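Biologist: I am new to this structure. Please show it to me, and then let me ask about the terms.

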Amino acid sequence: DPAEQLARILGESGVSVQAAQNLVVLRSGPGTAPNLGRAIDEWEQPGIIGTVAGDDTVLIVLADSAGARRLVRQLSQMMPPG
């Protein structure tokens, strides 16, 4: 299940998530962003146009700012309290 896989990866490496207009910036541990980006792509949520993953940051492009805020809530719920 893509949602379970994403939740597991976020639990292991997610650090913070923040919206900026129609973008979401997901910070992670060093070297973990590529796996997070792939998991988000496989999750196939409506409104996500694409992802770009570096070493410790994933940039998620959404159709609009409301979708970005919604995605931040979803990802925050999947991340461990910190």
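This is a predicted model: local features need pLDDT of at least 70, side-chain atom pairs count only at pLDDT 80 or more; totals for chains, interfaces and linings use all residues.

Modeller: Residues are numbered from 1 along each chain as its sequence is written, and side-chain values use heavy atoms, with hydrogens and water left out.

Biologist: Why are helix 1 and helix 2 called roughly antiparallel?

Modeller: Helix 1 (residues 2-13) and helix 2 (residues 33-43) pack at an angle of about 155°. Angles over 145 degrees count as roughly antiparallel, under 35 as roughly parallel, 65 to 115 as roughly perpendicular and the rest as oblique. Helix 1 and helix 2 are therefore roughly antiparallel.

Biologist: Which residues of helix 1 meet helix 2?

Modeller: Among them are Leu-6, Ile-9 and Ser-13, and the helix 2 side includes Leu-36 and Trp-43. Contact means heavy atoms within 4.5 Å.

Biologist: What makes Ser-13 count as buried?

Modeller: Its relative accessibility is 8%. Buried means under 20% relative accessible area, exposed over 50%, partly exposed in between (1.4 Å probe, protein chains only). So Ser-13 counts as buried. Ser-13 touches Arg-27, Ser-28, Gly-29, Thr-32 and Leu-36, leaving aside residues up to four places away in sequence.

Biologist: Why is Leu-59 called partly exposed?

Modeller: Leu-59 has a relative accessible area of 29%. Leu-59 lies in strand 4 (residues 57-62).

How values were computed
Axes are lines fitted to C-alpha atoms, for helices over the stretch in contact, and angles run from 0 to 180 degrees between N-to-C directions. Helices (H or I, at least four residues) and strands (E, at least two) are DSSP runs, numbered from the N terminus.
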